[in-house]
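This report describes a protein chain from its overall make-up down to single residues. Please keep the sequence and the structure in view while reading.

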Amino acid sequence: MRRANARSAVIAPATPGYRTVHRGLALLAGLVCIACAGLAGAQPVADLQGREHLVFGFLPIVSSERLARQFSPLVGYLSRALGTEVRMETAPNFAEFIRRTNREQRYDLLFTAPHLFYLASREAGYRAVARVAETGMEAVIVVPRTSSIRTLQDLRGQRLATTDPLALATVLIRSTLVQAGIDPDRDLTLVATPSHNASLLSTYQGTTDASGLILPLFLRSRAEIRDGMKIIAETPSVPHMPIAVAPWVPAARVARLRAALLELGVHVGYLSGECSRRRIEEVPPAGRPLDLLEQLLVIRGIVDRIDL
């Protein structure tokens, strides 16, 4: 069940001359509910000395091609705002992305899931500078509307489709099952699929008995599929995906990055590519008593159980 889905190796870097970004547009495409060999010159670094570009690491939540389409405008905008070339890079799977983040420390800027940001902060010192101003992200478990499965306990002995084992939805679902007294590795069969939509479709078509996916993606699924399914469980909610910086990035550059992100104000799309407008807020947000890491302590136990 620990199967990761391979991605294309490299995303072509966006240059400071990228001209398709319109000022005032929401450029954080795909920021809410993301390169086997890597880019030329993108080597593990402990500081920026002797190097003039920044490496922006994106969690491979979609294909490399889709990442490039969604995030090249943002990368081009940041290159101009920072006066420094920003290059995109991802990894073939979640496990390799985590290794490159925490062990190689090859990313100066980071876009990752909240549970993996917690890991990156704890192990490599990354700091969040901005995130989407929304209440949180949660996953759901759904079954066909005609299914006799009504509760988590009914999942025993059944086939539950999920995406990458290290994906947020999978991690939240496993934790929810454990808290219900269900061993996800013994009491049912987890079926890994390439994407959230593939998980949902497998259940809709009867290949699996249930599927787990992030709630917004279920709500945006085709009406005939969504109407043919029912939610039997919801996971706890966690903060949205942040943009983070490495500890070796100079404070002045971090300040310019934060200002540039907050100037955008809104962004377009989340995973599916559909347009939606969401505010970007500073981390920690002014007037709130808890910063992002404190909020993420709620999933500390979940992160500690991740099998890397």
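## Surroundings of L215

Leaving aside residues up to four places away in sequence, L215 touches E138, A139, V140 and I231, where contact means heavy atoms within 4.5 Å. L215 is placed in helix 6 (residues 215-219), and L215 is buried, with a relative accessible area of 17%; buried means under 20% relative accessible area, exposed over 50%, and partly exposed in between, with a 1.4 Å probe and protein chains only. The C-alpha atoms of L215 and I231, which are 16 residues apart along the chain, are separated by 9.7 Å.

## Basis of the model

This is a predicted model, in which local features need pLDDT of at least 70 and side-chain atom pairs count only at pLDDT 80 or more, while totals for chains, interfaces and linings use all residues. Residues are numbered from 1 along each chain as its sequence is written, and side-chain values use heavy atoms, with hydrogens and water left out.

## Overall make-up

The protein has ten helices and eleven strands, these being DSSP runs numbered from the N terminus (helices H or I, at least four residues; strands E, at least two). Of the 308 residues in the protein, 56% are buried.

Five strands form an open sheet in the order 7-6-8-5-9, with mixed pairing; two strands pair if DSSP finds at least two bridges between them. Strand 7 (189-192) and strand 9 (229-234) are the edge strands, each pairing on one side only, and neighbouring strands of this sheet are turned by 30° against each other on average, direction ignored. Within the sheet, strand 5 (residues 139-144) and strand 8 (residues 210-214) are joined in the antiparallel sense over four bridges, and A139 stands opposite I214 in strand 8.

Helix 5 (residues 196-204) lies across strand 5, strand 6 (159-162), strand 8 and strand 9, and runs at about 155° to strand 8; axes are lines fitted to C-alpha atoms, for helices over the stretch in contact, and angles run from 0 to 180 degrees between N-to-C directions. The loop between helix 5 and strand 8 holds G206, which is partly exposed, with a relative accessible area of 44%.

Strand 1 runs parallel to strand 2, with four bridges joining them, and F56 is found opposite M88 in strand 2. From strand 1, L54, F56 and F58 point one way while V55 and G57 point the other way, and all are buried.

Eight of the eleven residues of helix 2 (residues 94-104) are buried, so this helix is largely enclosed by the rest of the structure. Among these buried residues are F94, F97 and I98, together with E96 and R100. Their cover includes strand 1 (54-58), strand 2 (86-89), strand 3 (109-111) and helix 3 (114-124).

Helix 8 (residues 251-264) has 14 residues and reaches 20 Å from its first C-alpha to its last, close to the 20 Å expected at 1.5 Å a residue, the expected span being 1.5 Å times one less than the number of residues. R253, V254, L257, A260, L261 and L264 are buried in helix 8. Seen down the helix 8 axis, the buried residues fall within an arc of 130°, so they line one face of the helix; the arc is that of the directions from the helix axis to the C-beta atoms. On the other side of helix 8, A251, A252 and E263 are exposed.
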